Amino acid sequence: DKGNHRHFMEKEIHEQPEVISHTLSHYIDFAERTTKSDAIPFDFANLDRIAISACGTAYLAGLVSKYWFERLARLPVDIDIASEFRYREMPLSKRSAALFVSQSGETADTLASLRYCRQQGVAIGAIVNVQESTIARESDGIFPTLAGPEIGVASTKAFTCQLSVLASLALRAAKERGTISAEEEKAHVRALTEAPRYTSQVLKLEQQVEKVARELTHYKHVLYLGRDTNYPLAMEGALKLKEISYIHAEGYAAGELKHGPIALIDENMPVIVIAPHDHIFDKTVSNMQEVAARGGKIILITDRKGAERAGIDTLETIVMPDVPQFVAPIVYALPIQMLAYYTAVFMGTDVDQPRNLAKSVTVE
Ligand code: M6R
């Protein structure tokens, strides 16, 4: 049932404040401001690596978490697209654990990667939305995302719930490995606790996002740029846009711009830059200057400080609420989902059932 919404995707975008909160309550003790310790099949303190594999949007959630695990828990992460991982015969030590991320829990390549890890004898955890799925059944431990059924082919609420679980796990890992102080842990937990509220604030930016979406319908190609955790988000924005609006889009690490894609920049390819005012903001600003100097049209997604300091003419600047850097990926996922959604609506495509795509990819 779509309720008052035109599409399941729109409904699922709007459910995010609630389902993120529900998912977090499984992992976070809000009163004690700490992560819950139960149901973790591996001892983070004794691990020397984690291997994560997944497909599509789930892979991009895993890629965001690499920054979290490495930065907070000093735990190296190998992250792969499952269709590559399953064939590349990666050596896994006994001190590795494997994590699989999947909304459906039935994705063929992700399941095959899990079975490879089973043969290698490493502990296996699964972040799944469908708890009765094959991937869930074949894992040593399940980390559920409590997003509820996701009907739209384009993944939205499952993605932000995957991020919420991964953020909680990274915090837990940091605690067990003694790489963050009790103070820092509390601050990060507080940030996570506020994430649902931030996402509801972002939903109110609807009109401005619609305006940008209307503009995007005039183009054939769109480039998304970001650094750090905004790099996987840039790829997620591009994936979402291409899958439902059929506009060609690419997501790049902003620092890679001058290693090739800058050759494409002209007034016919808008560039969407995801850049909250963080430790690496100035670097992204120089990339924006390079784009502007070549006549590229910039759509900047940033916060108040970023908007003040960018000093660049943009086609549009979407000003997001001020959020702690740790939870920014969860919050910044929304404007890119909304942008893809409205663009597809204006293009008149079948938003919930885009051509050539299936919700669950059970064949290779
Ligand atoms: O069910 P899964 O999470 O394993 O599915 C993985 C991908 O097929 C999925 O995320 C796909 O990329 C989405 N359509 C993206 O919106």
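The largest pocket of this predicted model holds about 570 Å³ of space. Its lining comprises 24 residues, and those closest to the centre of the pocket are Cys55, Gly56, Thr57, Lys359 and Val361. Four elements, namely α3 (56–73), β5 (96–102), α5 (108–120) and α10 (230–245), each contribute at least two lining residues. Among the contributors, α3 provides the largest share, with 3 residues. Sorted by class, the lining of the largest pocket contains 10 nonpolar, 10 polar and 4 charged residues.

Helix α3 also takes part in the second largest pocket, where the largest share of the lining, 4 residues, comes from this helix. The volume of the second largest pocket is about 180 Å³. Its lining is formed by Tyr67, Trp68, Arg71, Leu72, His188, Ala191, Asp228, Thr229, Pro324, Gln325 and Phe326. The classes here are 6 nonpolar, 3 polar and 2 charged.

Two packed helices are described by the angle between their axes and the distance between the axes. For α8 (residues 182–203) and α13 (residues 328–347), the axes come within 8 Å and cross at roughly 25°. Angles under 35 degrees count as roughly parallel, and α8 and α13 are therefore roughly parallel to each other. The crossing of α8 past α13 is right-handed. On the α8 side, the contact is made by Leu192, Tyr198, Thr199, Val202 and Leu203, while α13 brings Ile330, Val331, Leu334, Pro335 and Met338. This contact consists of 9 nonpolar residues and 1 polar residue, with no charged residues.

From α2, the residues Gln16, Val19, Ile20, Thr23, Leu24 and Tyr27 meet Lys157, Thr160, Cys161, Ser164, Val165 and Ser168 of α7. By class, the contact of α2 with α7 has 6 nonpolar, 5 polar and 1 charged.

Notes: Residues numbered from 1 in each chain as written. Predicted model: local features only at pLDDT ≥ 70, side-chain atom pairs only at ≥ 80, totals over all residues. Heavy atoms only, no water. Axes fitted to C-alpha atoms, helices over the stretch in contact; angles between N-to-C directions. Parallel < 35°, antiparallel > 145°, perpendicular 65-115°, else oblique. Left-handed = near helix turned anticlockwise from the far one by under 90°. Contact = heavy atoms within 4.5 Å. Nonpolar A, V, L, I, M, F, W, Y, C, P; charged D, E, K, R; others polar. 1 Å grid on protein atoms, 1.4 Å probe; cavity = no way out; pocket = protein on both sides within 12 Å on 5 of 7 lines; lining within 4 Å. Points joined across faces, edges and corners; volume = space filled by probe spheres on them.
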